[in-house]
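Dear colleague,

I am passing on a structure that you have not worked with before, and below it I have set out what was found in it. Please read the notes with the structure open beside them.

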Amino acid sequence: MTSRSRIPFFFAILLLIAAGISIAVWRHVELGIPWFTGEQQPVWMVEARIDFTGTGEPVLASMNIPDQPPGFRILSEQAASPGYGFSIVEDSGVRRAEWSKRDVSGPQTLYFKVQLIPDEGGQRGNPRRRPKPEPTFWEEPQATAVEELLQQASSRSSTPESMTRELIKLLQPDASGQNTTLLVSNDNYIDLLNRMLNHAGIPARTADGLALEDARRRQQLRPFLQIYDGNKWLTFNPRTAEQGLPEDVLLWRQAATSLLDLVGGDDSEVSFSMLRQTVPALQLAQAQSTENGLGFLSLYQLPIEEQGMFRMLLLLPLGALIVAFMRIVVGIRTSGTFMPILIAVAFVQTTLIPGLIAFVSVVAIGLLMRGYLSSLNLLLVSRISALIILVIFITAGLSIAGYHMGFNTGMTVTFFPMVIIAWTIERMSILWEEEGAREVFVQGAGSLFVAVCAFLMMSAPLASHLTFNFPELHLAVLGLILLMGQYTGYKLSELRRFHPMKAYD
Amino acid sequence: MGWISPFKLNRLGMLNMNRRNVDYIARYNSRESYPLVDNKLRTKLVVAEYDVRTPRLLQVVRQQHEIPHFRQMADDLNGFAIKPAKGSGGKGITVITGRDGDEYIKASGARVSAPYLERHLSNILAGLYSLAGTPDVAIVENLVESIPALARYSFQGVPDIRIVVFQGYPVMAMLRLATTASDGKANLHQGAVGVGLNIANGHSLNAVQFNRPITLHPDTGLALENIAIEDWQEMLVMASRCYEATGLGYMGVDLVVDVNEGPLLLELNARPGLAIQMANGRGLLPRLRQIESLRKPHFTPEDRAAFAMETFNSRI
């Protein structure tokens, strides 16, 4: 009877715990929220600088900016250019930063900063439209040379990749064919390669890459060749035919548009500088959560004040877990079921030792005063109310006394929940009258012990990090608490309580 | 520091707190019956319909302004007990055994004044002793005078008999004797002595105080080995009847034997403690499981009591 009815229950618990942990793992993987506090992650800060001289006319500067560069993820983009209107426009899959200003003359400088995170597994956006080879036209005698070279390369290759590699080899000066010498001159090499591949029916384009090295300034872009193999763009080094992008190379420009279009200016020049920074991984994850679809699961979007409140609130389940464990499995008696959690929360704000001293002294003084109140023959409600006021007096007195004696810690008593303390005093006082001082000490010490355990758990930096950044872990906590609700085994304290039964075994 | 292994406890069939709460109280006691036993006034009224007698009700104090009437009524009485209707674990029960001029003598021998009792009443009304702190009523009952055969074992206070009734079958019983430590109360955790009683015949088995086995009463010095309860079967039937009255599958029935009126029901408890197992020197689980596995339950309290006497003989 019992076993059958509990299977769905245990299954649900298992599901709950698994769901909590897997959502956490998923968010860790997807959003990069770190498991531990203090994890650092490198971030590249790349700054493009555009210099030009204004000619006294309206200026429109349009620069190609990175769009899903392979191996990187864009964290933030920002432009600095006083007096200019700025916007990022996206036109048929090409992202461009546009600056505009009326009446510009003299030397001008525009900045564009982008923060990038190395991301090996980053998604490579597939082209929205399938690229087609661009039609090319050759004049004689180049046309014949091109045909021959392409035939040569084609006969030695089987795929667009191998074809590209072969063609690059053939075009090297040391390959020293006549056709090569005829076609290649230094400044048209990459363009020629590009055109020849398109001619051969392979969609190709030039991309501009930037080698990232820490603290370099005035860097220029290096051209890379990209061909489309039917699925994705592949990158080649146009000189060595090496396939793939070297590490730490950022493809700034991938689409076949110009890097910079400038209207109303002369002598334009684009240069890049870069800096490697380390940023706490958590901060990164927070910044990204807004863009990511998973962000709705996190608390980062809330105003900072509410976040701080949730940071505290989300610790409470841990306290509840400790209380449940201590009462169900260990069997410690506490005064008031969840009073220890509230005390522990107060300890988090006061720190442990001052908190303990303040709490014990408030309760002790309160018990003395309650002794007098009990002789006044008051009704319960007014007695508790009077006690609340007395507790406030006691805390105020302790704070003032502590302040004058030079202890700032005296003032931390104000963090304790007054009403809870008043009830605790009332309950302990009744306990004292009915069951004697021993029970008061047993329950008082039990409550404090549980409160200190809960405090130690809640004040661990890892605990507050995990509970706040992975709130879904509370599903697992909930599962554990539900599981404990089904625990029918002996409590630790019962092993001691029942020990005289040894005699009857 | 003595410890016992959980396996040994399991072998002894000791029912523990968590299992009691989950497997017995939660399963066999329906929530709606709780107010019936948590309120002594309602218990008195409902068991009366099933021919279970309780101490005579003298007065019910429901409102603060009724407290002055208490003094008028109490003036003519020598002994009475003030109880919170919703009190638990014997909390808030004050037993007055006599008078000395204007003062009242408590069971412990302490003298208290009428204002003390009035304050006590007002505390009860405010809910100080009630389970959830809710407002309560105070009941004043006739003082129970225990039969001398049992009373001599108890140091002040009235000895009472706790019978655990499971699905209407009395499964385990003990005699509870007050001590100085328990202030005239018969609650084991307050220091009363628990003497296990054989369900078969009402004869004593072992005795414990504060969970430790004893052979002599700590205050009266009397040997606790050869106590025999008279009218045992009648008491078992009475306990068994409470099942029909309340519908609670797992409960503790507290009985006293009054010198004038015979066995009386003192109160019912929907969450009976576990110490009864220590007093009996055996665990409850085997008996509970035996009842659970009964194919054909007995329908009358008499049959159930007879079955229990036959089955749960601790001396075999």
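**The sheet in chain B**

Strand 1 of chain B pairs with strand 6 (residues 138–142) of chain B in the antiparallel sense, over four bridges, and B:L57 stands opposite B:E141 in strand 6 of chain B. Please keep in mind throughout that this is a predicted model. The two strands belong to an open sheet of six strands in chain B, with the order 1-6-2-3-4-5 and antiparallel pairing. Its edge strands are strand 1 (57–61) and strand 5 (111–112) of chain B, each of which pairs on one side only. Helix 5 (residues 67–74) of chain B packs on this sheet, where it touches strand 1, strand 2 (80–84) and strand 6 of chain B, and the direction of helix 5 makes about 160 degrees with that of strand 1 of chain B.

**The nonpolar cores**

The largest nonpolar core has 73 residues, and those with the most contacts inside it are B:V165, B:V195, B:C242 and B:L255. Helix 8 (residues 232–246) of chain B gives the most to this core, with nine residues. If residues up to four places away in sequence are not counted, B:V165 touches B:P170, B:A239, B:S240, B:C242, B:Y243, B:M251 and B:V253. A second, separate core of 49 residues includes A:F52, A:A61, A:V270 and A:M274.

**Chain A**

Chain A has 16 helices and 11 strands, and 31% of its 505 residues count as buried. Among contacts in chain A between residues at least 6 apart in sequence, 77% join residues at least 24 apart. An unreviewed UniProt entry lists several stretches of chain A as "transmembrane region", including residues 446–467 and 473–492. In the model, residues 446–467 of chain A are 95% helix and 0% strand, with end C-alpha atoms 26 Å apart, while residues 473–492 of chain A are 70% helix and 0% strand, with end C-alpha atoms 28 Å apart.

**Where the chains meet**

The contact between the chains takes 30 residues from chain B and 26 residues from chain A. On the side of chain B that touches chain A, the elements that give two or more residues are helix 1 (6–12), helix 2 (17–28), helix 6 (114–126) and strand 11 (212–214) of chain B. By class, that side of chain B has 13 nonpolar, nine polar and eight charged residues.

With best wishes

Note on methods. Residues numbered from 1 in each chain as written. Chains lettered and ligands numbered in written order. Predicted model: local features only at pLDDT ≥ 70, side-chain atom pairs only at ≥ 80, totals over all residues. Core = buried A, V, L, I, M, F, W, Y, C linked by C-beta atoms within 7 Å. Buried ≥ 20, exposed ≤ 12 C-beta atoms within 10 Å, placed from the backbone. Contact = placed C-beta atoms within 7 Å. UniProt positions renumbered as here; feature names shortened; annotations may be inferred. Nonpolar A, V, L, I, M, F, W, Y, C, P; charged D, E, K, R; others polar. Pairing = 2+ DSSP bridges. Axes fitted to C-alpha atoms, helices over the stretch in contact; angles between N-to-C directions.
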